[in-house]
Amino acid sequence: MDKVHIVIAGKRNTGKSSLINCIIGQEKAVVSDIAGTTTDPVKKSYEIPGVASVVFIDTAGIDDEGTLGQLRIGKTLDAIRQADAAILVISHNRFGEEEEKLMSEFQKSGQPFLVLHNQSDLEPLAESLRHEIKTRWHADILPFSTLQPERETLMKAIAQLVGKPKQRSLLGDIIRPGQLILLVTPIDSEAPTGRLILPQVKMLRDILDNHCMSIVLQPEEIPTFFTRTPIRPDLAVTDSQVFGIVARQIPPEIPLTSFSIVFARHKGNFARYVEGTPHISRLQDGDRILMLESCSHHVSCEDIGRIKIPSLLRKHTGKQLEFDFIAGLDRIPRPFTDYALIIQCGGCMVTARQLRNRLQPAIDAGIPVSNYGMALAWMQGIFQRATAPFLGKETQ
Ligand SMILES: Nc1nc2c(ncn2[C@@H]2O[C@H](COP(=O)(O)OP(=O)(O)O)[C@@H](O)[C@H]2O)c(=O)[nH]1
Ligand SMILES: [Mg+2]
């Protein structure tokens with residue numbers, strides 16, 4: 001299950017870092033009475049038993065000053081946009097322009113949020129402010145003090161904020177209990193030693209959750225599987241890199257898709273990818289393509305995104321293409337409109353919200369978007385087959 005990211009925002013010195021320390025019970029975030037102690041967003045994981053796995057993100061004050069302060073505010077705003085929920089920390093009944101800006105930011109992105117009046121031991125929450133927040137923002141405000149914490153009330157409020165996140169199944173709407181799923185996972189030089197990669201493990205778990213059965217094999221064993229057993233799988237899922245070879249070996253009546261397409265649908269903006277991917281065949285000389293990697297430490301993704309897809313695209317289109325590569329959540333240097341196409345990685349290390357928010361400005365600007373798996377499928381001529389199992393269901 002994805003972790004729920006909760007951003008803690010507010011003015012300097014309201015006690016944001018103290019609040020995180022109070023929740024997790026250790027001195028992870030640096031606390032001080034010098035305004036501006038927290039600079040870059042700091043993340044801390046915490047398990048709320050029976051509720052969710054949470055990552056708290058401590059941010060710099062939204063009222064930070066100076067040139068560096070402006071940069072920090074920028075990072076805080078980025079952290080807010082990428083979070084699933086937010087806690088706005090205020091104190092001394094101060095609720096002004098900055099807080100209003102944050103509240104409208106939360107509301108704009110549809111984030112659930114909680115307002116916390118901290119340092120209530122120094123100055124209790126005024127009834128008039130509670131009333132204003134209720135009537136103007138339809139939000140509750142919780143009085144709190146990290147010095148005399150009522151932890152139970154706080155955790156209850158956080159649990160409510162997070163809710164019990166619904167866990168969507170990867171394959172749930174295309175498989176039925178009792179079905180047999182064939183998973184093709186090459187063990188090549190890119191495979192990690194002694195284990196499977198996360199998407200494969202997640203898929204196996206999903207198949208078990210759906211009371212289906214799976215057979216896992218490498219591409220080389222496909223012919224043996226079909227000659228040695230009479231079994232006809234109900235669905236086959238393959239690593240997208242070997243899609244071409246696998247597609248030829250698996251009988252056409254067996255629905256076939258790829259891990260990355262399943263995850264694109266689970267996490268990314270599948271409908272837009274389906275629309276955007278065919279644009280590959282309309283690329284022109286001089287077109288610029290943005291390769292968006294969501295993390296900066298996955299060697300095999302890096303290889304696919306930086307080497308394989310660009311060279312395949314050049315070969316497939318026969319055009320002179322320019323590529324920009326952006327890793328992690330780095331800023332995109334050019335305006336989106338400079339790009340003829342944007343190709344996003346599978347996003348296995350980021351949340352669905354992070355992935356969607358990252359691409360939304362490009363979609364708004366009308367730029368075609370695709371992802372690694374869908375682009376590979378297109379160039380291998382198996383796009384239709386790989387997306388067919390999901391067509392008519394893509395608006396999940
Ligand atoms: N009296 C009182 N002081 C607090 C409380 N929470 C934090 N502080 C103090 O307020 C100062 C700023 O806290 P900090 O967590 O660094 O604030 P941040 O800038 O919002 O991260 C520190 O000196 C804290 O010890 C509280 O509930 N009551
Ligand atoms: Mg701080």
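In which loop is Ile231 found? In this predicted model, where local features need pLDDT of at least 70, side-chain atom pairs count only at pLDDT 80 or more, and totals for chains, interfaces and linings use all residues, side-chain values use heavy atoms, with hydrogens and water left out. Residues are numbered from 1 along each chain as its sequence is written, and chains are lettered from A and ligands numbered from 1 in the order in which they are written.

Ile231 lies in the loop between α7 (222-228) and β9 (235-238); helices (H or I, at least four residues) and strands (E, at least two) are DSSP runs numbered from the N terminus. With a relative accessible area of 31%, Ile231 is partly exposed, where buried means under 20% relative accessible area, exposed over 50%, and partly exposed in between (1.4 Å probe, protein chains only). Leaving aside residues up to four places away in sequence, Ile231 touches Leu180, Ile215, Phe225 and Phe226, contact being defined as heavy atoms within 4.5 Å. Ile231 and Leu180 are 51 residues apart along the chain, and their C-alpha atoms are separated by 8.7 Å.

Leu180 belongs to strand β7, in which Leu180, Leu182 and Val184 on one side and Ile181 and Leu183 on the other are all buried. Five of the five residues of β7 are thus counted as buried. Strand β7 (residues 180-184) pairs in the parallel sense with strand β8 (residues 213-217) over five bridges; two strands pair if DSSP finds at least two bridges between them. Within this pairing, Ile181 stands opposite Ser214 in β8. β7 also runs parallel to β9, to which four bridges join it, and Val237 in β9 is the bridge partner of Leu183. Together with helix α6 (residues 198-209), β7 and β8 make a right-handed β-α-β unit. The crossover is called right-handed if, with the strands pointing away from the viewer, the path from the first strand over the helix to the second runs clockwise.

A search of the whole structure finds seven aromatic pairs, for which rings of Phe, Tyr and Trp (its six-membered ring) must have centres within 6.5 Å; planes under 30 degrees apart count as stacked, over 60 as edge-to-face and the rest as tilted. Phe225 and Phe226 form an edge-to-face pair, at 5.1 Å centre to centre and 85 degrees between the planes. Phe225 is buried at a relative accessible area of 8%, and Phe226 is buried at 14%. Phe323 and Phe325 form a stacked pair, with 6.3 Å centre to centre and 15 degrees between the planes. Of these two residues, Phe323 is buried at 12%, whereas Phe325 is partly exposed at 30%.

The protein chain contains 14 helices and 14 strands, and its C-alpha trace spans about 75 × 50 × 40 Å along the principal axes. Of its 396 residues, 52% count as buried. The domain assignment gives domain 1 (4-162), domain 2 (180-262) and domain 3 (271-385), with bounds taken from an automatic or database domain assignment. The centres of domain 1 and domain 3, taken over C-alpha atoms, are separated by 35 Å. In domain 1, 10 residues are in contact with six residues of domain 3. These two domains bury about 650 Å² between them, 38% of it on carbon and sulfur atoms; buried area is the accessible area (1.4 Å probe) that two parts lose on being put together, summed over both. His5, Gln82 and Asp84 lose the most area on the domain 1 side, together 57% of what that side buries.
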